[in-house]
Amino acid sequence: MPVLPELAAVLAAASARTRPEPPGGGPVLREAARGYWDRRGLHGAAGGIAAAPGAQPLLLALIGAHGGDVLMPRPCPAAWMPQARLLGRPAYHVPTPAECGGIPDPYALLETVRRVRAEGGRPKLLLLSVVDDPTATVAPPELVREACEAAVDEGLHIISDETWRDTVHRPRDTVLLSPAEMCPDDVTVIADLSGALVPAAWPVAVARFPDTPRAAVRHARTLDILTALGALVAGPVAHAAAHALGEPDSVRDRIRRAAALQTEVAAAAHRAVLGSGALARPPQAGRHLYADLGPLRSRLADLGVTDSMELEEYLTDRLGAPAPGGHRFGDELGALRVRLGTGPLLGVTPQQQTESLAAAKPLELPHVARALDGFAAVFAELR
């Protein structure tokens, strides 16, 4: 999406700032993050906030601040497993339930924890996302509660990635419950602000720690790691991020318009995928959908596509846009799954994207209609 003019002006006004923020972010940025979460029912002090230049260094620091092995759902965001491996931490995938991604199946979680312990492992940390990348689904509250209670009962600390919570397509029809609302002493929440609030080119992410003595120790360790990495938020970016976290009218309006646009475009892309005979859960948030082309295996094999790496190469070439295969998200290589971004369907120029945001009926815009027709044609060839 084009940069919101108000945010661009705020960034420009701070361009003379030559110093980065202190480790974990300065008081203005941390207070803005505190207020952002306070409005979502997650109350706490600004002293329990840490900021970093992007989700990757922040999550790396958080994993480093915790001991033990790491568990995560399958599929999961592409960066999660490599970060655990980079730190030398054993990491294990846990299957997700049929209705959504992002949250491990509670029974599979318990089985995995007990198996890892029986093999001499020390499972201590669970990563999850209620609003999920890559599957673009929102986990129902009852499932979130069951998974979190199972994790806490087994002594796991939870890191809840809520980057995409403000991109829910139908917020009035979707119940979104943060794990931190249910298990406040056992959940650290992180959010990459590029999910909904700032452009991806302005790297900044924030974490909210529980208000406990143990969490205070982990917060300090996290700041130590961020300091060692030199992972400091740029001064101008911090100024713009604090403004966005305050959610002025222009930011709220952009979030609302973007979600409404994605609701229509993602639904159209979903229909095209299902029309080919492939499978995909209905997208509920974010800017993509996760498709399973397993039912088209015979046709794809005729085209020389037998695994997700070859599927990625084939669809990226045919669609003219990145289509990362499921192997990047922890799925098995032989599973023909792929994440399909909806961003390229909104226009290739800032002007077209702005028109898409402003349109009452975006699917009728010529550039959106052409892009959707091309997208549908690629999948129609696979019938």
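Tyr290 is buried, as is Phe329; buried here means under 20% relative accessible area, with exposed over 50% and partly exposed in between, for a 1.4 Å probe and protein chains only. The model is predicted, so local features need pLDDT of at least 70 and side-chain atom pairs count only at pLDDT 80 or more, while totals for chains, interfaces and linings use all residues. Residues are numbered from 1 along each chain as its sequence is written, and side-chain values use heavy atoms, with hydrogens and water left out.

The structure holds three aromatic pairs. Rings of Phe, Tyr and Trp (its six-membered ring) pair if their centres lie within 6.5 Å; planes under 30 degrees apart count as stacked, over 60 as edge-to-face and the rest as tilted. The ring centres of Tyr290 and Phe329 are 6.0 Å apart and the planes meet at 85°, so this pair is edge-to-face. Tyr290 belongs to strand E9 and Phe329 to the loop between H12 and E10, so the contact ties together parts 39 residues apart in sequence. Helices (H or I, at least four residues) and strands (E, at least two) are DSSP runs, numbered from the N terminus. Phe375 and Phe379 form a tilted pair, because their ring centres lie 5.1 Å apart with the planes at 40°. These two residues are four apart in helix H14, and are thus separated by about one helical turn. Phe375 and Phe379 are both buried. A charge-over-ring contact is also present: the charged end of Arg40 sits over the ring of Tyr36, 3.8 Å from its centre. The criterion is NZ of Lys or CZ of Arg within 6 Å of the ring centre and within 35 degrees of the ring normal.

Strand E9 (residues 288–292) is also part of a sheet. Three strands form an open sheet in the order E8-E9-E10, with antiparallel pairing. Strand E8 (279–280) and E10 stand at the edges with a single partner strand each, so one side of each has no neighbour in the sheet. Two strands pair if DSSP finds at least two bridges between them. E8 and E9 pair over two bridges. Ala280 stands opposite Ala291 in E9.

Strand E6 (187–192) has neighbours of both senses. Strand E5 (residues 157–161) pairs with E6 in the parallel sense over four bridges. Strand E7 (residues 205–208) pairs with E6 in the antiparallel sense, also over four bridges. Val189 takes part in both pairings: it is the bridge partner of Ser160 and stands opposite Arg208 in E7. E6 is mostly covered, with six of its six residues buried. Val187, Val189 and Ala191 point one way from the strand, and Thr188, Ile190 and Asp192 point the other way.

The largest pocket holds about 940 Å³ of space. Its lining has 39 residues, and those closest to the centre are Asp133, Trp164, Arg287, His288 and Arg339. On a 1 Å grid over the protein atoms alone, a pocket is an open set of points where a 1.4 Å probe fits, with protein on both sides within 12 Å along at least five of seven lines; a cavity is a set from which the probe cannot get out, and lining residues have an atom within 4 Å of a point. Grid points are joined across faces, edges and corners, and a volume is the space filled by probe spheres set on the points. Elements that each supply at least two lining residues include helix H3 (55–65), strand E6 and strand E10 (337–341). H14 gives the largest share, four residues. By class, the lining has 21 nonpolar, 11 polar and seven charged residues. Ala, Val, Leu, Ile, Met, Phe, Trp, Tyr, Cys and Pro count as nonpolar, Asp, Glu, Lys and Arg as charged, and the others, Gly among them, as polar.

Most residues other than glycine have a negative phi, and most peptide bonds are trans. The Asp133 to Pro134 bond is cis, with omega near 25°. Pro134 is in the loop between strand E4 (123–128) and helix H6 (141–153). Ala136 lies in the loop between E4 and H6, and has a positive phi of about 60°. Ala136 is buried, at a relative accessible area of 0%. Arg74 and Pro75 are joined by a cis peptide bond, with omega about 0°. Pro75 is found in the loop between strand E2 (69–74) and H4. Glu247 has a positive phi of about 55°. Glu247 is placed in the loop between helix H9 (235–245) and helix H10 (249–275), and counts as buried at 9% relative accessibility.
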